[in-house]
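Me: Hey, I'm new to this one. Can you walk me through what I'm looking at?

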Amino acid sequence: MDFSAINNLKLKAAFNDVLAFSKVQNNEDFLEELFENDNRGIIYVCDCEDLGHSKFIKNTKGIGNNKIFTITNLPHQDVFLWHIDGVVFAKNEKCDCAVLTNKELVFIEFKTNAVLKSDESREENHRKACNQLLNTISEVQIRCQNVGVDLLKKVTVEAYAVFNNTIPRCSATQKRYSADFLSKSGGIKLKFDNSKKLK
């Protein structure tokens, strides 16, 4: 297994004040609490309420595709799922997770359980998802910069907000939030989608 995706960003040094990172002595220790690894051609991620964080799953039976983030990994490269919300940071402060390879860092916030019956609740959930993603990316950028890593020069960074099928895609609301996110993040794209094809 190739841990260079994690080590190239110096994440252990950047987050050494976080208990789960401070416990890491060997590369394999990253897989204790912080990360999962997979190299299949199709990989599924769901936000697991029982665990309190996101996880890789083998299939979508009983869950439904609209609550899953699907990763197409045709090169069968090592893909790491970084448990962020509820592991690195207190619950509901930051985005749920990130997917990391040697080339890409994809931050993901799941809003698939949100019941959005009104325009106000729809707006609030979009706003919250964007803020959680922005806050996480900013924190990771600053921590990496503090250990000499320019995140945006090392990997392509993207953000995904995953909503269930009750929310129409490509709505005016989502286009507005995507444009605002691009400006506030310094050029990082926000997508409202539940799938990603890795490079």
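Predicted model: local features only at pLDDT ≥ 70, side-chain atom pairs only at ≥ 80, totals over all residues.

Me: OK, what's the strand order in the open sheet of six strands?

Reply: The order is S1-S5-S6-S7-S8-S9, with mixed pairing. Strands here are DSSP runs of E with at least two residues, helices are runs of H or I with at least four, and both are numbered from the N terminus. Two strands pair if DSSP finds at least two bridges between them.

Me: Which are the edge strands?

Reply: Strand S1 (35–38) and strand S9 (189–191), each pairing on one side only. From one strand to the next, the twist averages 20 degrees. Axes are lines fitted to C-alpha atoms, for helices over the stretch in contact, and angles run from 0 to 180 degrees between N-to-C directions.

Me: And how many bridges join S1 to S5?

Reply: Four, and S1 runs antiparallel to strand S5 (residues 79–83). For example, Asn-37 has Phe-80 in S5 as its bridge partner.

Me: Which helix lies across S5, S7, S8 and S9?

Reply: Helix H5 (residues 119–146), running at about 150 degrees to S7. Helix H7 (residues 172–184) packs on the sheet too, touching S8 and S9, and its direction makes about 155 degrees with that of S9. Contact means heavy atoms within 4.5 Å.

Me: Switching topic: what's the order in the open sheet of four strands?

Reply: That one goes S3-S2-S4-S10, again with mixed pairing. Its edge strands are S3 (53–57) and S10, each pairing on one side only.

Me: How many bridges are there between S2 and S3?

Reply: Strand S2 (residues 42–48) pairs with S3 over five bridges, in the antiparallel sense. Cys-48 stands opposite His-53 in S3.

Me: What does Leu-198 touch?

Reply: Leaving out residues up to four places away in sequence, Leu-198 touches Ile-71, Thr-72, Asn-73, Gln-77, Val-79, Thr-101 and Glu-104. Thr-101 is 97 residues from Leu-198 in sequence, with 8.6 Å between them in space, C-alpha to C-alpha.

Definitions and conventions
Residues numbered from 1 in each chain as written. Heavy atoms only, no water.
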